[in-house]
Amino acid sequence: MKPILAAILLLALVACSTTKMYTPSGANENKRITATLAELEQGRNLYVNNCNKCHGLSKPESRTPEQWTKVLESMAPKAKLTDAQKELVYKYLVNY
Ligand code: HEC
């Protein structure tokens, strides 16, 4: 394989892995705040389907719970999330 092609492939791989969102499992339940696996899965779905319309997705661990609270205050209306949906997204974002 040509070195340049290998470099491009490696770059693509790194780019994909760095934006990969964690998939909730039993280990994430009630990790930081009370959240069931079903809630975390719903939160993930809402996040990956509604929050990437205007920009890319930030990794959950990129911000503290306090920062996510502030972000969601301004972003939930932009994504037209209900308060209940916003709560589910919050649970997913902090329970990594
Ligand atoms: C209608 C377009 C739109 C949607 C939908 C949207 N955003 Fe944003 N987002 C923006 C814009 C514009 C900015 C940059 C300006 C700003 O901070 O208000 C931004 C900035 C951000 C930032 C960086 C802000 C910071 O201070 O760190 C984060 C994190 C973010 N959005 C998360 C989300 C999440 C989570 C959702 C889903 C609930 C979401 N966004 C949905 C338009 C959108």
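Here is a short tour, one selection at a time.

Before clicking, note that this is a predicted model: local features need pLDDT of at least 70, side-chain atom pairs count only at pLDDT 80 or more, and totals for chains, interfaces and linings use all residues. Residues are numbered from 1 along each chain as its sequence is written.

**Cartoon view.** Of the 96 residues, 18% count as buried. Buried here is 20 or more other C-beta atoms within 10 Å of a residue's own, exposed is 12 or fewer, and partly exposed is in between, with C-beta atoms placed from the backbone.

**Helix 4.** Now select residues 83-94. That's helix 4, with 12 residues and 17 Å from its first C-alpha to its last, close to the 16 Å expected at 1.5 Å a residue (the expected span is 1.5 Å times one less than the number of residues). Its buried residues include Leu 88, Tyr 90 and Val 94, and the buried set packs against helix 2 (37-50) and helix 3.

**The core.** Next, pick Ala 35, Leu 40, Tyr 47, Cys 51, Leu 88, Val 89, Tyr 90, Tyr 92, Leu 93 and Val 94, which form the largest nonpolar core. Such a core is a set of buried Ala, Val, Leu, Ile, Met, Phe, Trp, Tyr and Cys residues joined through C-beta atoms within 7 Å. Helix 4 supplies the largest share, six residues.

Zoom in on Leu 40. Leaving out residues up to four places away in sequence, Leu 40 touches Pro 24, Asn 28, Ala 35, Lys 91, Tyr 92 and Asn 95; contact means C-beta atoms, placed from the backbone, within 7 Å.

**The ligand.** Which residues are closest to the ligand? Select Cys 51, Cys 54, Met 75, Lys 78 and Ala 79, the closest of the 14 that surround it. A residue is near if its C-beta atom, placed from the backbone, lies within 6 Å. Helix 3 (residues 65-78) gives the most to this shell, with five residues.

**Two loop stops.** Asn 30, in the loop between helix 1 (3-18) and helix 2, has a positive phi near 50° without being a glycine. Asn 30 counts as partly exposed because it has 13 C-beta neighbours inside 10 Å. Finish at Lys 80, in the loop between helix 3 and helix 4: its phi is positive too, about 55°, and Lys 80 is not a glycine. With 9 C-beta neighbours inside 10 Å, Lys 80 counts as exposed.

Key: Helices (H or I, at least four residues) and strands (E, at least two) are DSSP runs, numbered from the N terminus. Two residues are in contact if their C-beta atoms, placed from the backbone, lie within 7 Å.
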